[in-house]
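Please keep the sequence and the structure in view while reading the points below.

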Amino acid sequence: MLRHSCRASILTLRNSQSVVRRQCRTEAWKGVHPNFVKRPRCFLDFTLDGFPAGSVVIELYSDVVPLAAENFRCLCTGEKGEHLWYKGTKISQMSFGIMMIGGDVEHGQGGGGQSIYGGTFADENFVVSHSRPGIVGMINYGTLHTNASQFYITAAPTPFLNGRNVAIGRVIEGIDVIQKIIRVAGVPGLKRGFIATSKGATKPVLIEDCGELTGNSYDQLTLDEDQ
C-alpha cells in the first residue's frame, strides 16, 4: 500500500513538473512569437511608371528595436509633419535581385534623409539576421550610428548586411510586389547586384501612399496570416 502511495506521489510530481515545463516553454514562445506581441504594421502603396504596382505590409520589430521601429512608423503616418513623410517619395536605388532603397524625405534622390529625432540616430542592435527575403532595415551614411529615414527592403537573403545595418521589420504581405518592381523597373542588361538610381531606371517607382494598419485592418491581416 505504501509502495503504491509513493509511486502515485512520484507520478503526480512528474506530471506537475511536466506542466510547469510546458508552461515555461509556452511563456517563452509567447515572448518571441510575433502573434503575442502587438507590433506595429505599416503599409506602402507603390506606383510603377505612374500606375499602381501593389501594396506591401511591413511588421515592425518594436520589441527589438523600439527607436528605429517608431521612426519608421511615424514616417509612414506623417504624424510628425509633411517634411517627415514617406508619401510621395521615390525609390532611389535598386540592387537587381537583391533589394530596393527609398525613404529620402530630405532630397528625394537618395542623398539625404532625416529621422523624427532630428538628424541621425544610433544603431540599437543587430539582433535580427538578414537570412530571408523581405527584411526591412535602415540605410546609414556608410558608418555605424547614422540612421535617418532611408530604408531598404530585401528581395533575397542578404547576410552581408548583418552587423552593418539594423533590421527593423519584415514584409508579411506583398514580397512579390517588391520582387516585381525590382525585376521590371531596372535598366535592361544590368547584372544582378548592380545599383541603379531612379534616374537610370526605365520606370520611376514612387511610394504613392503609406500609413499604419489599425483596428479591423490589423486584426484581419493577423487572422489571414495565421491560417
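A residue is called buried when its relative accessible area is under 20%, exposed when that area is over 50%, and partly exposed in between. R41 has a relative accessible area of 1% and is therefore buried. The model described here is predicted.

**Overall architecture**

- The chain contains four helices and nine strands.
- Along the sequence, these elements follow the order α-β-β-α-β-β-β-β-β-α-β-β-α.
- The chain has 227 residues, of which 44% count as buried.
- Among the contacts in the chain with a separation of 6 or more, 69% are between residues 24 or more positions apart.

**The nonpolar core**

- The largest nonpolar core is made up of 43 residues, and F46 and F72 have the most contacts inside it.
- Helix α2, residues 66-77, supplies the largest share of this core, namely six residues.

**Buried residues in strands**

- The buried residue R41 belongs to strand β1, which covers residues 41-48.
- Which residue does the side chain of R41 join through a polar contact? The partner is E59, and the polar contact between the two side chains is 2.7 Å.
- G102 is part of strand β4, residues 99-102.
- G102 is buried because its relative accessible area is 0%, which lies under the 20% cut-off.
- Apart from neighbours within four places in sequence, G102 is in contact with K90, I91, S92, S149, Q150 and F151.
- G102 and Y86 are 16 residues apart along the chain, and 8.6 Å separates their C-alpha atoms.

**A buried residue in a loop**

- H130 is located in the loop between β4 and β5, the latter being residues 135-138.
- Is H130 buried or exposed? With a relative accessible area of 1%, H130 is buried.
- The side chains of H130 and Y152 are joined by a polar contact of 2.6 Å.
- When neighbours within four places in sequence are set aside, the residues in contact with H130 include I135, Y152, P157, L161 and N165.

**The largest pocket**

- The volume of the largest pocket is about 190 Å³.
- The lining of the largest pocket consists of M99, I139, N140, G142, T143, L144, Y152, F160, L161, R164 and N165.
- By class, this lining has six nonpolar residues, four polar residues and one charged residue.
- Y152, L161 and N165 in this lining are also among the residues in contact with H130.

**Residues with positive phi**

- Most residues other than glycine have a negative phi.
- D49, a residue other than glycine, has a positive phi near 60°.
- D49 lies in the loop between β1 and β2, where β2 is residues 51-60.
- The relative accessible area of D49 is 38%, so D49 is partly exposed.
- H145, which is likewise not glycine, has a positive phi near 65°.
- Where is H145 found? H145 is in the loop between β5 and β6, with β6 being residues 151-154.
- H145 counts as partly exposed because its relative accessibility is 44%.

Methods: Residues are numbered from 1 along each chain as its sequence is written. This is a predicted model: local features need pLDDT of at least 70, side-chain atom pairs count only at pLDDT 80 or more; totals for chains, interfaces and linings use all residues. Side-chain values use heavy atoms; hydrogens and water are left out. Helices (H or I, at least four residues) and strands (E, at least two) are DSSP runs, numbered from the N terminus. Buried means under 20% relative accessible area, exposed over 50%, partly exposed in between (1.4 Å probe, protein chains only). Contact means heavy atoms within 4.5 Å. A nonpolar core is a set of buried Ala, Val, Leu, Ile, Met, Phe, Trp, Tyr and Cys residues joined through side-chain atoms within 4.5 Å. A polar contact is a pair of N or O atoms within 3.5 Å; within protein, one must be able to donate a hydrogen and the other to accept it, and residues adjacent in sequence count only if both atoms are side-chain atoms. On a 1 Å grid over the protein atoms alone, a cavity is a set of points where a 1.4 Å probe fits but cannot get out, and a pocket is an open set with protein on both sides within 12 Å along at least five of seven lines; lining residues have an atom within 4 Å of a point. Grid points are joined across faces, edges and corners, and a volume is the space filled by probe spheres set on the points. Ala, Val, Leu, Ile, Met, Phe, Trp, Tyr, Cys and Pro count as nonpolar, Asp, Glu, Lys and Arg as charged, and the others, Gly among them, as polar.
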